[in-house]
Amino acid sequence: MNLVGFAVGLVAAISTSVLSALGIALQRKSHVDEEEKPADERTAYVTRPLWLLGFGLYLACQTFGASIALGQLPTLILAPLGSIQLVFNAIFASMLSGDPFDQTDISATALVTAGAIIVTVAGYTGEQALSISKQIELIQRKPFVTLQVAVQCITLILLATLLFVTARGPRNNPKNQQNRSLLSAILAGTLQAESFIAGKCAIELVKLTIFGHDNQFGKLGALVLLLMIIVLAVSNLFFFSEALRLGSAVLCYPVCYCVFIIISFLDSVIFFDADLSAMKIAFSAAGALIILAGVLILSRPKRDSQASGDETLPLVSK
């Protein structure tokens, strides 16, 4: 990894995280503003200019910015860098939508960030460009197949649970909405992790095609990979948008990010056949637990700040 490439990837990753957080906050702001209108004046979110602006910004970042970052940095560095987005997501959500963000939330955000750094340092092993033939060979390995079967089973169970909760529960009940928001955020994180590793594979094929003068896209496997990326990306955007519509961004994104970093870490380590020592595995597990602790704190029920006497961070003047 050359220094210039690393610097370009790092700048792209950080810029993508900050602007993606702004896009998420704008979408959430659109939902909050719409909820304040009378029921007969509300419109679908796909027709609101503010939502479209936020969605467009988020989509552009995830498409172009993420592609540059994926081409320059290993996935085990990129995934934890998403903790930057977590921090700015909480700040923007508080500034634009008035979502609660107190001193406890700051501590929880710090926990998630620290856990992400530990996972990054412990899990980094380096990666190399892989042809489509080599990628197919790695995909067929038993450990990766086992992981993918487990992830897909969990995804189907979560989807079935979400459909059940949506169909049976009272739609306007706050508890029901929070449960649907959390389930949607978990699904979004799972799908984002899967599209992340698929996107990394696609970028490596592009690099081999352009710089290695070896066309990788004339084979069926590459076309299937591209189709899979599109399906995963659209599904991820849908579930994440639903999570934002139903719940607070301060809650939704940490949950989504926690699921994303754990699954993407496992995907990367197993797919690239990383050779991790027992100590690195222990540190990675500790980092994952720290991230989970931070997410659980952020996910706690929020009491009214005035009634409870808790201090809410004044990120913006009212």
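Let's start at a single side chain: Phe-239 has a relative accessible area of 13%, which makes it buried, since the cut-off for that label is under 20%. Keep in mind that this is a predicted model.

A pair of aromatic rings is described by the distance of the centres and the angle of the planes. For Phe-238 and Phe-239 the centres are 5.2 Å apart and the planes sit at 75° to each other, an edge-to-face arrangement. Searching the whole structure turns up 6 aromatic pairs.

Now step back to the fold. The protein has 12 helices and 0 strands, and reading along the sequence gives α-α-α-α-α-α-α-α-α-α-α-α. Of the 318 residues, 45% are buried. As for the contacts with a separation of 6 or more, 84% are between residues 24 or more positions apart.

How do the helices pack? Two packed helices are described by the angle between their axes and the distance between the axes. Take helix α8 (residues 174-211) and helix α9 (residues 220-246) to begin with. Their axes come within 7 Å and cross at roughly 155°. That angle is over 145°, so α8 and α9 count as roughly antiparallel. The crossing of α8 with α9 is left-handed, and the residues in this contact split into 19 nonpolar, 8 polar and 4 charged.

On to the other partner of α8, helix α7 (residues 142-168). Here the packing angle is about 155° and the axes are 10 Å apart. Again the 145° cut-off is passed, and therefore α7 and α8 are roughly antiparallel to each other. The crossing of α7 and α8 is left-handed as well.

Which residues make the contact between α7 and α8? From α7 come Gln-148, Val-151, Gln-152, Thr-155, Leu-158, Leu-159, Thr-161, Leu-162, Val-165 and Thr-166. On the α8 side you'll find Asn-176, Arg-180, Leu-183, Ser-184, Ile-186, Leu-187, Thr-190 and Glu-194. Sorted by class, the contact of α7 with α8 has 8 nonpolar, 8 polar and 2 charged residues.

Definitions and conventions: Residues numbered from 1 in each chain as written. Predicted model: local features only at pLDDT ≥ 70, side-chain atom pairs only at ≥ 80, totals over all residues. Heavy atoms only, no water. Axes fitted to C-alpha atoms, helices over the stretch in contact; angles between N-to-C directions. Helix = DSSP H or I, 4+ residues; strand = E, 2+ residues; numbered from the N terminus. Parallel < 35°, antiparallel > 145°, perpendicular 65-115°, else oblique. Left-handed = near helix turned anticlockwise from the far one by under 90°. Contact = heavy atoms within 4.5 Å. Nonpolar A, V, L, I, M, F, W, Y, C, P; charged D, E, K, R; others polar. Phe/Tyr/Trp six-rings, centres within 6.5 Å; stacked < 30°, edge-to-face > 60°. Buried < 20%, exposed > 50% of the residue type's maximum accessible area, 1.4 Å probe, protein only.
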